[in-house]
Structure formats: C-alpha cells, structure tokens
Amino acid sequence: MATTASRRGTPPTLTAALLALLLGLTACASGGAGNGADDGTAEAPAAQEDAQDGGDTGGATPDALAFETRTVDGAAFSGADLAGEPTVLWFWAPWCTICRGEAAGVAEAAARHSGDVGFVGVAGLGEVEAMRGFVSDTGTGELTHLVDEDGSIWSGFGVVSQPAFAFVSADGTFETVQGALSDDDLDARVDLIADGS
C-alpha cells in the first residue's frame, strides 16, 4: 500500500543519519528476512499530509533539487537541471525485488509520457556496480539513473523505504509516495504534474 507525504527541504546531515537507520529497519528484502514479509515488501510509515509551499521560486532552484551527484554511468548530474520541468523520481535499490518487479512498468510509463514529464531513477543502498547490473537486467537503460550514496537525495524527498516515487511539479513542489504503484495510479499522478496541478 502506498502512502504519501509532501515535504519541504530537510537539513541533510541529521536526516541522512536517520534515513540510514530507517532504511535498515524498513527496507525491502529479497527473501523477506528481517521484515516479516515473504514477498520483499517493506512497510511504509504513516502518511504525512504536510502542505508543500512551492509558490514562485523566482528562478531559484527548489531546495529538494539543490543536489549534485553522478549517474550510474559516472556522468556528473545536477538536480538544478530538473528545475522547471515536471519530473518523476523513482527511488530504488539494486537488491529490492519489488523495485525489480515494477521496473518494466516504470520504463513503459516513461515512454508513454515522453516529452511531457521526465523520469529519473534514484538508486541507493548498494554498490554502483550492482546498480549498473540492475539497470541492465531490468531494461531501464533509457532512463537516467542517479547514485545516492549518502541518502541525501532520498532524505530531501522524504523517502524512507523503496520503492518510492516523488512527483515534482514544474514549480518545484512535490508529493512523495512510499511503496509500489499500479500502472493506472502511476499514470494518474504523472498526468497531474504534466497538467501543472
């Protein structure tokens, strides 16, 4: 079951430490060990319905997009490049069975909405080589995939377990959804940010 939370930027130092602890406790596992589930699902935290005050950013980069990282292929990437463009961030881990299972649907959604909404994968909780293997194995190489080694991007979007999605509007406001989404739910949320809602 997916839960949602809208959040403002959070100081990354404290949040990154808390995120690491929470991810260790709630992360999906390939065999269900440690989370009480046999299908690799992770229990998401209760929904937080805080309102995000996006408003006019005045040309400034929204806090959540103020990050620098690299892609799984080693290229430099700036979150500021996403400012002003509706974008779906898909948060995954290379060993997450749920992430692996939904990958084809995410790639298909990205193709359906190409030109209207960008899709970017944000990989964490693993080695870069394993991340590259995940991209190759799942056929999601058409998407840009970022490496979030310290959890600061996940933290900035309020992600505490994978899979998760952040739907970022052109004005920089976003809604984060913890858990997997059906194709219909994913399309409906993508349509909202494409329409500027």
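In which crossing, left-handed or right-handed, does helix 2 pass helix 5? The legends below begin with the whole chain and reach that crossing last.

**View 1. The whole chain has five helices and eight strands.** This is a predicted model; local features need pLDDT of at least 70, side-chain atom pairs count only at pLDDT 80 or more, and totals for chains, interfaces and linings use all residues. Residues are numbered from 1 along each chain as its sequence is written, and side-chain values use heavy atoms, with hydrogens and water left out. Helices (H or I, at least four residues) and strands (E, at least two) are DSSP runs, numbered from the N terminus. From that end, the elements run β-α-β-β-β-α-β-α-β-α-β-β-α. Of the 197 residues in the chain, 48% are buried. Buried means under 20% relative accessible area, exposed over 50%, and partly exposed in between (1.4 Å probe, protein chains only). Take the contacts (heavy atoms within 4.5 Å) between residues at least 6 apart in sequence: 72% join residues at least 24 apart.

**View 2. Helix 3 (residues 128–138) has buried and exposed residues.** V128, M131, F134, V135 and T138 are buried. Seen down the helix axis, these buried residues fall within an arc of 110°, so they line one face of helix 3. The arc is that of the directions from the helix axis to the C-beta atoms. An α-helix has 3.6 residues a turn, so residues three or four places apart point the same way. On the other side of helix 3, E129, S136 and D137 are exposed. The buried residues pack against helix 2 (97–112) and against strands 2 (68–71), 4 (87–92), 5 (118–123) and 6 (144–147). G139 follows helix 3, and its phi is positive, near 70°.

**View 3. T173 sits in the loop between strand 7 (164–168) and strand 8 (174–178).** T173 is buried, with a relative accessible area of 15%. Its side chain is joined to that of D171 by a polar contact of 2.7 Å. Such a contact is a pair of N or O atoms within 3.5 Å, one able to donate a hydrogen and the other to accept it.

**View 4. Helix 2 passes helix 5 in a right-handed crossing.** The axes of helix 2 and helix 5 (residues 183–194) come within 11 Å and cross at roughly 35°. Helix 2 contributes G105, V106, A109 and R112 to the contact; helix 5 contributes D183, L186 and D187. These residues divide into three nonpolar, one polar and three charged.

Terms used. Axes fitted to C-alpha atoms, helices over the stretch in contact; angles between N-to-C directions. Left-handed = near helix turned anticlockwise from the far one by under 90°. Nonpolar A, V, L, I, M, F, W, Y, C, P; charged D, E, K, R; others polar.
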